[in-house]
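Biologist: I am new to this structure and would like to go through its side-chain contacts with you, one question at a time.

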Amino acid sequence: NNYTQRVNIFNEEEFLVFEKEDLLIFRDWNNVEVVTFTYDLLSGYLIAKNLFKFIDSEEKLNELIKSTKFKNELLNRKTCHPLFNDILRSFCVLAIKKFGLSFYSSIKNETLNDYLLKSIFEVNQKKIIDNKSVAVNIIKENFKDFNKHNLIFNQFKNTELDSQNPLNIDLLSNLLFNMKVSDRDLSWTEYIRSNNFVRDNEYKKFLNGFEVACKSKTKFKTDKVHLAAKKTMWFLTSTNREFRDLSTRALYYYGQKYPDKFLELVLYSLSINDPYVWERTLAAMYGVVMAKHSTDDNFKKLFLPRIALTIFESIFKKEAPFSTTHILARDYASKTIEIGLLHHNDLLKPEEVLLTTAPFTIGGNRNPNEFDHEKEEGIFSEPISMDFSNYTIGRIVEGGHSYSDPPEKKKVRR
């Protein structure tokens, strides 16, 4: 009773509830009975909640955040409170719940910014929906900092499969979509590699669960499975063959269960600037067509012609937006259309059919340019760096031994 009166965090009735639920620890310390909470986060939450008893406006909130005591106790690692992590985490969530995100722009401290960034993914969904544009802009602005990518990727685990949450996989997909391939490989691709092999095979478990769900006959009432498919598609940036194969197989089963939704995903993937992605989505689609065209009449009548026509218009039609000389991707697409024509021979005109079969004479980059690395910026730009340029290329060029520079070696570099 004396304790509850002294700290003024909760009343006696609440104190008894905590004690009954074994959420309190009673210890003798220097001849004084000390009461602490069983869980640090609970302690942090109650301390943070108590702080808000004195904050009834954004102005007072900003005053507290700028105060020396707040900085010393919660932001300065040399002088911080033992429970600073739990207090800050709870404080940021409570601040967003009480005042929304309008105060965020005034935050200048990097540590507090990171805690607020995490809290945006933890607060009640309705609060984020009410502040959608601000929340999304905060994520986008922070994502411009390459050093924050892993922090942001980690937070999406809380919201990625929630179709109602603005911070779901669609937002992450947009962020990844707008990256250069080289940047995405150093960021996202490396992130999923470390999660899959350094930690606890987290993503393999995800893929296994996704595949099991797609194989089941259960009709899901939510969009989670479709969001999971988009997440799986982004795994295809991986340079690990096994992981790419597992992801492709999972998408194959998804395509069998939801051919219309998978067609939408394949079409979306074609606009991604990494051929590692759409090579495999086209492969999975070809697998779906092979598996179902002779066993599923509904698929054959309703979905097959739509799939074949969409792929033709996307890849093979004159001036198609996603035409390519990528031999594997082009073959998967060509064979998919071939099966479509097997059942719907009037789907394309004879001259259009010729565009889908070898020899291919149009589409893709058929006039590759040379880059004179000696005259233009980036003498040893990746991947043609010093060792590759000198030794690797040198071994395949006659007279191109170490540090020699014959004309043929220069031509290969270009």
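Predicted model: local features only at pLDDT ≥ 70, side-chain atom pairs only at ≥ 80, totals over all residues.

Biologist: How many disulfides are found in a search of the whole structure?

Modeller: A disulfide is taken here as a pair of cysteine sulfur atoms within 2.5 Å. When the whole structure is searched by that rule, the number of disulfides found is zero.

Biologist: Is cysteine 214 buried or exposed?

Modeller: The classes rest on relative accessible area, with buried meaning under 20%, exposed over 50% and partly exposed in between, for a 1.4 Å probe and protein chains only. Cysteine 80, at 21%, is partly exposed. Cysteine 214 has a relative accessibility of 5%, and therefore it counts as buried.

Biologist: How many salt bridges does the count come to?

Modeller: Side chains of opposite charge can pair when their charged atoms come close. The rule used for a salt bridge asks for a side-chain nitrogen of Lys or Arg within 4 Å of a carboxyl oxygen of Asp or Glu. By this rule, the count of salt bridges comes to 21.

Biologist: Which residue forms a salt bridge with aspartate 56?

Modeller: Aspartate 56 is exposed, since its relative accessible area is 55%. The closest N and O atoms of the pair are 3.4 Å apart, and the partner of aspartate 56 is lysine 60.

Biologist: In which helix do arginine 193 and glutamate 190 both lie?

Modeller: The side chains of these two residues, arginine 193 and glutamate 190, meet in a salt bridge with an N to O distance of 2.6 Å. Arginine 193 is partly exposed at 37% relative accessibility, and glutamate 190 is likewise partly exposed at 34%. They are three residues apart, about one turn of the helix, and that helix, covering residues 181-198, is H12.

Biologist: What is the N to O distance in the salt bridge of aspartate 297 and lysine 300?

Modeller: Aspartate 297 and lysine 300 are three residues apart in helix H18 (residues 297-316), so about one helical turn separates them. Aspartate 297 is partly exposed at 47% relative accessibility, and lysine 300 is partly exposed at 22%. Their side chains meet in a salt bridge, N to O, at 3.5 Å.

Key. Residues numbered from 1 in each chain as written. Heavy atoms only, no water. Helix = DSSP H or I, 4+ residues; strand = E, 2+ residues; numbered from the N terminus.
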